[in-house]
Amino acid sequence: MKSVDPSSSPATASRREFIRTAALGLGATLVGSSVLGAPFSWLEEMPYGPASLEALRQGRKLGVALVGLGKYSSGQLAPALQQTRLCRLAGIVTGTPGKAQQWQQQYGIAAKSTYDYKTFDRIADNPDIDIVYVVLPNALHAEYTVRALQAGKHVICEKPMATTVADAQRMIAASQKAGKKLGIGYRLHSEPHHREMMRLGQQQVLGPVKRILADNGFRFNNDTPWRVDRELSGGGPLMDMGIYCLQGALYTKGQVPVSVTAKFTPKPGGDLFKEVEAGVDWQLQFADGSVADCRTSYAENMQSRLRAEASKGWFELQSAFGYGGIEGRTSQGGMNIRNVNQQAAQMDDFADCVLNNKLTRVPGEMGLRDVQLLLAIYRAAETGQKVSTKDVKDVLDRVGKG
Ligand code: NAD
């Protein structure tokens, strides 16, 4: 009998074509493979759906409107939207007329797609806007997310999703009522080094993970005063930077913890931290006895590290939570994975979900889970007691779920 090369079967050939097209869609970012032999590449794990491939062929892109033109919108999101394949910068919402004019000129945004916070709801009548991206101080996320959903738009909301559980819940309810997607701006779920951490940890490639170490912090210079204003931020570095350690621990372990202990770090002199913590160290405890030791601060420049120690070896990322320059290593050697434009990959992932009506890896429910955990960490630090997190929403990004 004639033997058949499985790599030349029509099904495999069309899958190869499919992935190749997706790779072109991402600017040919084939990102390399791990020394630990990934069973599938990043693009095979995260292929675009058929409607996205059709949109790519037609050069059709979803319109994104940025709400709040501060540092993250101007420094990262707007430039990334010049590199996205499935979506484009089509609208802006700002309270500053000077900024509106400057952005219109710089990015060719139409006056009819420019709003302020009062006229924002008229976005409902704008067919050029498909996705509203909320990039405001944390406590304002809920109001603008709900208004955008009520206007019939899909929403990406920046992290942390909200400052209270009640706000997060009403954002999810609004998304369900509107029948529109709600995703959180968790860029690292679309980043190949972090997906490799998920694979190595969740699939126990080096045995079960016993301990995770994560830190993320910097010396805050008060360039964005709302970050230390409790009403607007909901808290200090834990809400802003520590959330990455929390996220990293959960997706590397592939579990939601059962309890948490925490301790605030001493506040430096001066009154910068009169309303929020200067730093916090915390430990997540998982059901199998493994732990994650995490640290964050606004008073100390930290390594930005995510490390997992498993029964048969270790794996880690340095500059783990930055916008680029991530380096991955394992006890068996380097990860050999390229960096990508994280925000472009993240927004294209979300656009792919919208176009193909797929579930996002970073849904509102995951944002709610994290708000519940962040508040549990604060409770543990305030009381000095171990706080149970058994009732926290059990939502996880599982590797291999394309
Ligand atoms: P920023 O202060 O630079 O920008 C905030 C914007 O909101 C400004 O344009 C400001 O004018 C506007 N704004 C509207 N109402 C306001 C009010 N009442 N008070 C203060 N500002 C008001 O902040 P940023 O660094 O761009 O952060 C915005 C959001 O993006 C935050 O939720 C933050 O956590 C998130 N963020 C996420 C990432 C990431 O990597 N995913 C990175 C940075 C920031």
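This is a predicted model: local features need pLDDT of at least 70, side-chain atom pairs count only at pLDDT 80 or more; totals for chains, interfaces and linings use all residues.
Residues are numbered from 1 along each chain as its sequence is written.

Let me start with the ligand. There are 20 residues around it, and those that come nearest are Gly68, Gly70, Lys71, Tyr72 and Glu158; a residue counts as near if its C-beta atom, placed from the backbone, lies within 6 Å of the molecule. Helix H4, residues 71–80, gives the largest share of this shell, with 3 residues, where helices are DSSP runs of H or I of at least four residues and strands are E runs of at least two, numbered from the N terminus. The ligand lies between domain 1 (61–185) and domain 2 (191–339 + 362–388), because both give residues to the shell; the domain bounds come from an automatic or database domain assignment.

Now to the helix pair. The axes of H8 (residues 192–202) and H10 (residues 237–253) come within 6 Å and cross at roughly 45 degrees, the axes being lines fitted to C-alpha atoms over the stretch in contact, with angles running from 0 to 180 degrees between N-to-C directions. In this pair, Met197, Met198 and Gly201 of H8 meet Tyr251, Thr252 and Lys253 of H10, contact being defined as C-beta atoms, placed from the backbone, within 7 Å.

Two of those residues return when we turn to Asp397, which touches His189, Met198, Tyr251 and Arg361, leaving aside residues up to four places away in sequence. Asp397 lies in the segment after strand S15 (387–388), and it counts as buried because it has 21 C-beta neighbours inside 10 Å; the cut-offs are 20 or more other C-beta atoms within 10 Å for buried, 12 or fewer for exposed, and partly exposed in between, with C-beta atoms placed from the backbone. Asp397 and Gln202 are 195 residues apart in sequence, yet 9.9 Å apart in space, C-alpha to C-alpha.

Finally, the backbone. The peptide bond from Lys159 to Pro160 is cis, with omega near -20 degrees, and Pro160 is found in the loop between strand S5 (154–157) and helix H7 (165–178). Gln204, although not a glycine, has a positive phi of about 50 degrees, and with 13 C-beta neighbours inside 10 Å it counts as partly exposed.

Key:
Two residues are in contact if their C-beta atoms, placed from the backbone, lie within 7 Å.
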